[in-house]
Amino acid sequence: MRASIEVADILRAAGPAYRAQHAGHLSLHQLKIMSAVEHCRTAAMGGHVEACEDCGQWRIAYNSCRNRHCPKCQGAVARTWLAEREADLLPVGYFHVVFTLPAEVGAIALQNKALVYDLLFRAASETMQIIAADPKHLGARIGITAVLHTWGSALTHHPHIHMIVPGGGIALDGERWISARPAFLLPVRVLGALFRRLFLTRLLALHDAGRLAFFGGMTHLAERRAFLRHLSPVRKKRWVVYAKPPFSGPEAVLAYLSRYTHRVAISNSRLIGFDEAGVTFRYKDYRRNGAEWQQVMTLAADEFIRRFLLHNLPKGFHRIRHYGLLASGTRRDNLKRARQLLAVAPPAVDDTPIEPLDARPACPCCGGHMIIIEVFERRYQPRAPPPFVSASGRPAS
């Protein structure tokens, strides 16, 4: 049976030595991520004591760190986000499209995250919208939900965009819905060529404006000729745009989104062990076929933490974005028009007053309601089993 290991356990055990060894080379943002994950749902975050109204059973509940890089804190956020997206789904097939940066550009992105990740979003979304609007292809305005991932399965730096795209769009004149072919959205080679041109043109413009920074072994790229030489191979290389077959229905779209939108670099469920040899975890090797995809890797704790921290996002950076028909400012009107053109009734609106849900958790002992009887601040523990008498008149056990 696999030991129950969490990223937080690794950071608590190996984090102090890592911080000492790399003092002066870790950003404040990285230090805050480490601290948040280490202290998540511990006494350091504060919390409260809950007790059952019926049987008096009590327990301590610690607060979450709510850091978006924490493997334990994404579930609740994802559920809320998905509930909002469910109302946006149209009764059409949905495609999954992936835009990936070559390794040579990924190295530049690692030292210029905010600028290059934003450029990746813009170049990929514009590529999709330009080709879709071309009458030779679809001739329509499409909607896009895009999610940035910066990691490969082995925690290496691998920036790419996952897109969920409805199989069709509104005609450019706004008068009809144009459906994509059942198993084909847009030609990936055409997408890849335009994506390469848009991205590299704008990346060079950022360099010419002096907005890119280079450190360590890449400092020579600040000189324009060296930068052009660095990009020369990728100008001739095919840029990979991957389009998967459409999902089988709205439920499959939501299931996919629930796995991808709020994912972090590694989940606790992939961890197998942690000892003197290092951290052992499962990963997928896409160069292998079938069941051999699933592989096991062991990294020294220091290297595991380094790879985990590679994927911190700049503060305030939005890793989920919407474009075209799904752009935030016009989404409601566009979806209303799309449903009219598809002859689909709008989502039913229930005017019946909704009774507020009982947010009180159930008692693990008897199924009754747990209520908060004590709140304690950060780094404090409750003094003792609290004096609480249940509704039945029995003292807390």
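Let's start at the second largest pocket, where 15 residues form the lining, and Q30, L110, R306, L309 and L310 sit nearest the centre. Please keep in mind that this is a predicted model. The space in this pocket comes to about 390 Å³. Which helix gives the most to its lining? That is α9, with three residues. Helices α2 and α9 each supply at least two lining residues here. Sorted by class, the lining of the second largest pocket has five nonpolar, eight polar and two charged residues.

Now, since α2 has come up, let's look at how α2 packs with α1. Two packed helices are described by the angle between their axes and the distance between the axes. Here, α1 covers residues 7-21 and α2 covers residues 28-39; the angle is about 140°, and the axes are 8 Å apart. That angle makes α1 oblique to α2. The crossing of α1 past α2 is left-handed. If you want to find the contact on your screen, look on α1 for V7, A8, L11, R12, G15, Y18 and R19, and on α2 for L31, M34, V37 and E38. Those contact residues split into seven nonpolar, one polar and three charged.

Next, the largest pocket. How much space lies in it? About 1,500 Å³. Its lining takes in 43 residues, and nearest the centre you will find S153, Y260, R263, K284 and Y286. Several elements each supply at least two lining residues, including α3 (75-86), β3 (94-100) and β6 (157-166). The largest share, four residues, comes from α8. By class, the lining of the largest pocket has 18 nonpolar, 17 polar and eight charged residues.

Finally, let's turn to the cavities. Rolling a probe the size of a water molecule over the atoms shows where empty space is left. This structure holds three cavities of 30 Å³ or more. The largest cavity has about 160 Å³ of space. Of its 16 lining residues, H69, W151, V264, A265 and H311 are the closest to the centre. Strand β5 (143-151) provides the largest share of that lining, four residues. The lining of the largest cavity divides into eight nonpolar, five polar and three charged residues.

The second largest cavity has a volume of about 120 Å³. Among the residues lining the second largest cavity are R85, D88, Y94, H322 and R331. Its lining has six nonpolar, two polar and three charged residues.

How values were computed
Residues numbered from 1 in each chain as written. Predicted model: local features only at pLDDT ≥ 70, side-chain atom pairs only at ≥ 80, totals over all residues. Heavy atoms only, no water. Axes fitted to C-alpha atoms, helices over the stretch in contact; angles between N-to-C directions. Parallel < 35°, antiparallel > 145°, perpendicular 65-115°, else oblique. Left-handed = near helix turned anticlockwise from the far one by under 90°. Contact = heavy atoms within 4.5 Å. Nonpolar A, V, L, I, M, F, W, Y, C, P; charged D, E, K, R; others polar. 1 Å grid on protein atoms, 1.4 Å probe; cavity = no way out; pocket = protein on both sides within 12 Å on 5 of 7 lines; lining within 4 Å. Points joined across faces, edges and corners; volume = space filled by probe spheres on them.
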